[in-house]
Amino acid sequence: MSRQDDARAQWRARADMRVLDRDIPRVDAPLKTTGRARYTHDVRLPNMVYARLVLAAVPRAEIEELDLEEARGMPGVVLVGADKEIGESLVYLGDDSVIAHVVAETPEQAKDAARAVRFALRSKSPVVTREQALDPDAPDVTGRGNVRAGRGPRDAEKVQSLLEGSAHRVKGTYTLPIQHHVCLETHGCVVDLRDDGATVYASTQVVSGNAGDFAQMLGLEASKVRLVCEHMGGGFGSKFGPGLEGAIACRIAVELKRPVHLMLDRPQEFQMAGNRSGTHAEIEMGCDANGVLTAITGTVDRLGGMGGGSFPGLPYIYECENSSALVRSVHTALDANRAMRAPGHPQGSFVMETALDELAYLSGVGPFEIRKRNVSGEDGEIWRRHLDVVAREIGWEAHPNKTKPGEADRDGFAIGIGFGLATWRAGGFPGAECNVRISNDGSVVSSCAVQDLGTGARTYVAAIPAEELGLAVHDVQPRVGDSSLPPGVGSGGSVTTGSVAPVVKAAAYKARTAFERRLSESVGKEGLTFDWNGGRVRSSDGSLDVSFREACAMLGSTPISETANYQDGQHLTARGRLHGAQAAKVRVDTLTGRVEVLDMVAIQDTGIPLNRLAVRSQINGGMVGSLSYGLLEERVLDPELGLLLTGNLETYKIAGAREIPPMRAIVDDEDERWAVTGMAEATGVPGHSAIGNAIYNACGARLRSVPFTPDRVLQALAQRS
Amino acid sequence: MTDRPVSEGREASTDPPSAPAPTPRGLSRRTFLTGAGTVAAGGVAAGGILEGRADAGPRRAGGARRVEGLVEVTLTINGKKRKAMVEPRTTLLSTLRHHLAEPLTGTKEVCDRGNCGACTVMVDGRPVYSCLQLAVRCEGHEITTVEGLGSPEAQSDVQEAFAACDGQMCGFCTPGFVVSTTACLERHPGVDRETIRRELSGNLCRCGTYPHVFEAAERARDARAKKEGGR
């Protein structure tokens with residue numbers, strides 16, 4: 001294929017792509033499948049010590065005693081330090097619970113020493129639930145009041161009169177629990193401070209940015225700190241900053257001048273490493289006789305602990321001009337919510353999709369049709385098309401319960417189908433740079449400090465230059481996850497691909513065109529174009545036809561090294577919003593209340609699917625995550641003492657293999673944007689909503705609270721009208 | 001640990017609060033009895049085996065072998081004998097990750113109490129949670145970790161199938177899944193999807209890789225069947 005020397009890099013047309021837009025097994029898979037991938041947890045350095053935090057188990061308490069002497073005398077103990085003082089208050093459950101830290105030669109010794117730290121607390125009433133926070137006599141947990149009102153309500157009177165004039169109305173309380181990220185690799189770092197600087201190994205979503213944070217805490221210039229995150233065991237929005245654990249590790253490293261390994265253990269991870277805020281929504285919503293929304297009002301409480309919580313506002317992605325819901329934050333003495341895969345959206349989805357679903361049956365329009373009637377514009381056209389796809393895949397046409405819920409069979413089982421829509425923003429932002437270097441031995445190195453959370457970033461950092469240079473993916477060596485490389489961006493809000501892939505493309509393009517100029521000089525002709533394909537380089541006039549490696553040999557002692565930034569590549573990034581739809585088919589055991597998901601399907605627009613295999617993995621991940629949220633997950637606190645009762649995986653349940661039905665992840669190949677974007681957030685938005693709606697469709701049990709546990713299903717069955 | 005209130009302000013301990021009870025169940029995790037006389041050793045425990053000391057080695061008492069303090073164990077890991085100095089309460093997981101001269105960190109610690117399967121290894125061909133095994137009890141057994149199944153340059157068929165099907169995202173659960181899948185295919189050569197789901201139900205993934213893990217298991221199964229059939 002011959003191409004002009006374009007002024008700017010352009011993505012090849014789909015028909016011309018040979019590497020991208022295909023299934024690309026990720027380049028680091030063999031390291032991961034064989035246990036050779038080195039995570040922060042796995043870093044072992046000579047003379048390294050193990051640090052461990054000591055946490056109080058209750059919020060809102062005063063420290064009456066704190067005695068570190070016994071711990072200091074334990075075998076193998078190197079250091080014990082206090083992080084709170086006698087008389088100091090513990091305000092909230094979370095990183096504020098850290099009372100002390102211990103450092104020992106082995107993890108077991110550190111554990112023993114942590115147990116030997118003695119402290120006594122005098123606890124006050126805990127304020128860990130919404131009800132406790134709203135009690136008129138409740139103590140003020142934040143010092144700024146327990147309720148902070150946000151926007152709304154607007155035009156309350158008008159909305160109320162519209163509601164009263166609506167053909168159909170629903171009024172209900174919809175709740176979602178606090179959810180945890182549950183990164184399998186806990187938060188933490190290894191700090192190796194030496195005389196000439198420091199190397200910090202951290203499980204982080206922000207490799208480039210965190211290097212500076214650690215430098216500050218170590219009292220070093222930013223240039224003296226190298227941050228390494230070769231592989232990380234999940235982030236999901238919870239791993240942006242070094243955290244208190246990072247700060248304490250730095251203090252220890254400065255004091256001991258030995259490498260420090262400080263990772264949270266699993267109960268600590270649940271207590272202080274972040275969560276998705278809970279939601280309590282009291283909503284009233286109406287529609288006309290055709291199922292078209294007329295008005296929405298109510299109050300939405302975001303339950304983000306000390307944080308504000310997240311909620312996208314109503315009517316979420318549907319159309320309704322007259323919406324006047326009040327959104328406010330209700331604070332409790334719990335750690336602040338953090339970003340978690342599409343912050344606020346799964347909550348907004350559940351409230352909106354459930355209430356709309358109720359109107360679908362009240363109006364007789366049915367759950368499939370009512371969604372189509374309440375989206376609009378170009379976005380609406382895409383969502384309608386997506387609904388058609390998932391309806392076809394899930395078997396809606398042949399399903400009997402189109403406008404009324406079904407009934408259980410003689411054995412007590414009922415089968416239903418439900419729907420939900422997804423969105424998030426597309427695109428990227430500035431900050432990343434990429435360098436592509438081609439040497440005379442034929443090696444190609446593509447470098448960007450970006451982290452790979454498991455999304456496949458490392459793979460496209462190699463695959464994009466491979467496409468540009470007519471090579472195979474394994475011919476390009478990707479280098480990522482190291483702050484000494486050209487900067488990456490933080491991975492939050494699905495912006496990584498939209499911010500980094502265009503820059504990699506631009507750098508590869510610059511490298512290829514620079515290479516072509518050098519080749520033209522070598523053969524002494526001007527105006528040649530070159531074809532790069534199948535590991536060969538051919539000039540348009542036929543004077544050059546060599547292997548890639550032979551072409552590289554012509555470079556002599558000066559390699560090609562080209563760096564690009566977002567300016568060079570931003571036209572390659574998709575704009576607008578992401579769209580998707582999901583459908584679930586469930587079987588409800590009406591005798592026990594148990595819900596089994598039988599089938600789940602998702603379609604998602606993705607711009608150019610750089611790696612179709614990794615994109616399907618992300619879509620599956622979204623479905624699995626929301627299935628888990630819908631059926632199992634819930635942070636539970638004891639309201640008497642404020643203890644976290646779900647502090648490990650036997651009490652905080654997440655979906656396992658037996659919960660996973662056949663799932664189909666469909667990449668929307670009709671997306672007309674020939675540009676790149678991340679898309680993971682959108683895929684985690686609607687799955688639990690679709691499952692809840694499927695339960696109603698099966699048997700008429702309306703689940704207004706997540707998770708859909710058997711007791712709640714039985715209760716909803718008993719309340720059927 | 002948050003599983004016990006801290007009324008007297010001390011981090012909850014998994015150790016029993018008082019002297020060991022006269023049953024193996026009541027033994028401190030820091031003192032453990034091994035060898036032929038486990039039952040008899042219960043009586044010995046009643047006679048006063050107490051907390052471990054850092055410098056003590058294995059000793060015999062009343063016909064039972066008593067181990068306490070720091071002891072040397074020789075473990076057969078991936079076909080090689082490896083020595084380690086461990087305490088009686090040291091788990092196999094911790095031994096692999098922290099107490100070998102060349103640590104084997106492929107086996108992951110996620111929950112450290114038998115919920116998640118990230119630490120799955122094979123002992124005599126059976127999948128076990130290494131966080132629930134004491135290293136001192138593993139002497140004389142064949143231990144296989146994920147590193148022993150293959151290397152990046154020469155992956156096992158199961159590992160190859162995981163790579164081909166994208167059976168890993170962040171990859172932290174992957175070693176456990178690879179070991180469990182390997183064990184599953186050994187036990188059930190013609191395994192169906194339902195059985196795969198059951199056999200892998202002891203492993204948790206957070207990225208949501210399950211559908212591709214199931215495909216990987218089926219791909220490895222089919223490749224083996226083809227190989228068998230071709231003979």
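Okay, let's start with one residue: Ser494(A) has 24 C-beta neighbours inside 10 Å, so it counts as buried. It sits in the loop between strand 19 (476-479) and helix 13 of chain A. Just for context, most residues other than glycine have a negative phi. Oh, and before I go on, please keep in mind that this is a predicted model.

There's a counterpart over in chain B. Asp166(B) also has a positive phi, near 55 degrees, and again this isn't a glycine. Where is Asp166(B)? In the loop between helix 4 (157-165) and helix 5 (174-187) of chain B. Buried or exposed? Asp166(B) counts as buried, because it has 29 C-beta neighbours inside 10 Å.

While we're on backbone geometry, let me do the cis peptides. Most peptide bonds are trans. The bond from Leu314(A) to Pro315(A) is cis, with omega near 15 degrees. Pro315(A) is in the loop between strand 14 (293-303) and strand 15 (326-330) of chain A. Then there's the bond from Val706(A) to Pro707(A), also cis, with omega near 0 degrees. Pro707(A) is in the loop between helix 18 and helix 19 (710-718) of chain A.

Helix 18 brings me to the helix packing. Helix 9 (residues 345-363) and helix 18 (residues 687-699), both in chain A, pack at about 25 degrees with their axes 8 Å apart. Under 35 degrees counts as roughly parallel, so helix 9 of chain A is roughly parallel to helix 18 of chain A. The crossing of helix 9 of chain A and helix 18 of chain A is right-handed. As for who touches whom: helix 9 of chain A brings Pro346(A), Ser349(A), Phe350(A), Glu353(A), Thr354(A) and Asp357(A), and helix 18 of chain A answers with His688(A), Ser689(A), Gly692(A), Asn693(A) and Tyr696(A). By class, that contact between helix 9 of chain A and helix 18 of chain A comes to three nonpolar, six polar and two charged residues.

Let me zoom in on one of those. Ser689(A) is in helix 18 of chain A, and it's buried, with 29 other C-beta atoms within 10 Å. What does Ser689(A) contact, leaving aside neighbours within four places in sequence? That would be Ser349(A), Phe350(A), Glu353(A), Thr354(A) and Gly420(A). If you want a sense of scale, Ser689(A) and Arg118(A) are 571 residues apart in sequence and 46 Å apart in space, C-alpha to C-alpha.

Now another helix pair, with another make-up. Helix 6 (residues 207-218) and helix 7 (residues 243-256) of chain A pack at about 45 degrees, axes 9 Å apart. That angle makes helix 6 of chain A oblique to helix 7 of chain A. The crossing of helix 6 of chain A and helix 7 of chain A is right-handed. Phe214(A), Met217(A) and Leu218(A) come from helix 6 of chain A, and Gly246(A), Ala247(A), Cys250(A), Ala253(A) and Val254(A) from helix 7 of chain A. So how do the residues of this contact divide? Seven are nonpolar, one is polar and none is charged.

In soluble globular proteins, nonpolar side chains tend to be buried together. Here the largest nonpolar core has 291 residues, and Val102(A), Val504(A) and Ile695(A) have the most contacts inside it. Which element gives the most to this core? Helix 13 (residues 496-523) of chain A, with ten residues. Take Val504(A): setting aside neighbours within four places in sequence, its contacts are Cys434(A), Ser446(A), Cys448(A), Tyr460(A), Val461(A), Ile464(A) and Pro465(A).

Last bit, the two chains together. Chain B has seven helices and eight strands, and 52% of its 231 residues count as buried. Between the chains, 67 residues of chain A are in contact with 60 residues of chain B. On the chain A side, the elements giving two or more residues are helix 1 (29-33), helix 3 (107-116), strand 6 (118-123), helix 8 (266-272) and helix 16 (612-631) of chain A. Helix 16 of chain A gives the most there, with nine residues. By class, the side of chain A that touches chain B has 35 nonpolar, 18 polar and 14 charged residues. That's me done, thanks.

Note on methods: Residues numbered from 1 in each chain as written. Chains lettered and ligands numbered in written order. Predicted model: local features only at pLDDT ≥ 70, side-chain atom pairs only at ≥ 80, totals over all residues. Helix = DSSP H or I, 4+ residues; strand = E, 2+ residues; numbered from the N terminus. Buried ≥ 20, exposed ≤ 12 C-beta atoms within 10 Å, placed from the backbone. Axes fitted to C-alpha atoms, helices over the stretch in contact; angles between N-to-C directions. Parallel < 35°, antiparallel > 145°, perpendicular 65-115°, else oblique. Left-handed = near helix turned anticlockwise from the far one by under 90°. Contact = placed C-beta atoms within 7 Å. Nonpolar A, V, L, I, M, F, W, Y, C, P; charged D, E, K, R; others polar. Core = buried A, V, L, I, M, F, W, Y, C linked by C-beta atoms within 7 Å.
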